Amino acid sequence: MATTKISELGEEGRIYEVEGTVVKVLEVREVISKKGNRLKVQNIDISDEPEAEDPITLRVTVWEGDTNKFQIGDRVAVKGIFERYNQYYQMKIPKDGYIKKLIQ
């Protein structure tokens, strides 16, 4: 699967691979699952043009073992399902998807 630029993401519900730089890391929070389990969740924003004046960002939600793993400036690769939510581009990572740090 070829890497797609964030600005070129189009069809919602489709799986894409993107690469970018972490530009924002939000606080880890706990949520209760439908089964009653406590789970850690965190949102990070990435951009493939972080030096641009007004970069397009993609919000990625990470769970459990991937929380507190990423810092501003990290290069990452993400494979997930693209969605739009209000003004945000976002990506959910399915079971066969991933987020991983790239060697800089």
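Visitor: In which sense do strand 2 and strand 3 pair?

Guide: Strand 2 (residues 29–32) and strand 3 (residues 38–47) pair in the antiparallel sense, over four bridges. Strands here are DSSP runs of E with at least two residues, and helices are runs of H or I with at least four, both numbered from the N terminus. Two strands count as paired if DSSP finds at least two bridges between them.

Visitor: Before we go on, what kind of model is this?

Guide: The model is predicted: local features need pLDDT of at least 70 and side-chain atom pairs count only at pLDDT 80 or more, whereas totals for chains, interfaces and linings use all residues. Residues are numbered from 1 along each chain as its sequence is written, and side-chain values use heavy atoms, with hydrogens and water left out.

Visitor: Back to that hairpin. Which residue is the bridge partner of I32 in strand 3?

Guide: The partner of I32 is R38. Five residues lie between the two strands of this hairpin, and G36 adopts a positive phi near 90°.

Visitor: And which strand pairs with strand 1?

Guide: Strand 5 does, in the antiparallel sense and over seven bridges. One of the pairs joins I15 to I81 in strand 5.

Visitor: How many bridges link strand 5 and strand 6?

Guide: Five bridges link strand 5 to strand 6 (residues 88–92), again in the antiparallel sense. E83 stands opposite Q90 of strand 6. The hairpin formed by these strands has two residues between them, and N86 takes a positive phi near 50°.

Visitor: What about strand 5 and strand 7; in which sense do they pair?

Guide: They pair in the antiparallel sense over four bridges. There, V76 stands opposite K101 in strand 7.

Visitor: Changing topic: where is F70?

Guide: F70 is in the loop between strand 4 (58–63) and strand 5 (75–85).

Visitor: Why does F70 count as buried?

Guide: F70 counts as buried because its relative accessibility is 3%. The classes rest on relative accessible area with a 1.4 Å probe and protein chains only: buried is under 20%, exposed is over 50%, and partly exposed is in between.

Visitor: Which residues does F70 touch?

Guide: Not counting residues up to four places away in sequence, F70 touches V22, V25, I44, V62, V76, I99, K100 and K101. A contact means heavy atoms within 4.5 Å. F70 and K100 are 30 residues apart in sequence, and their C-alpha atoms are 9.1 Å apart in space.

Visitor: Is N68 buried or exposed?

Guide: N68 is exposed, with a relative accessible area of 62%.

Visitor: What is I99 in contact with?

Guide: Leaving aside neighbours within four places in sequence, I99 contacts I44, V60, V62, D66, F70, V76, A77, V78 and I93.

Visitor: Finally, pockets. What is the volume of the largest pocket?

Guide: The volume is about 360 Å³. On a 1 Å grid over the protein atoms alone, a pocket is an open set of points where a 1.4 Å probe fits, with protein on both sides within 12 Å along at least five of seven lines; lining residues have an atom within 4 Å of a point. Grid points are joined across faces, edges and corners, and a volume is the space filled by probe spheres set on the points.

Visitor: Which residues lie nearest the centre of that largest pocket?

Guide: L39, W63, I93, P94 and K95 do, among 15 lining residues. Strand 4 gives the most to the lining, with three residues.
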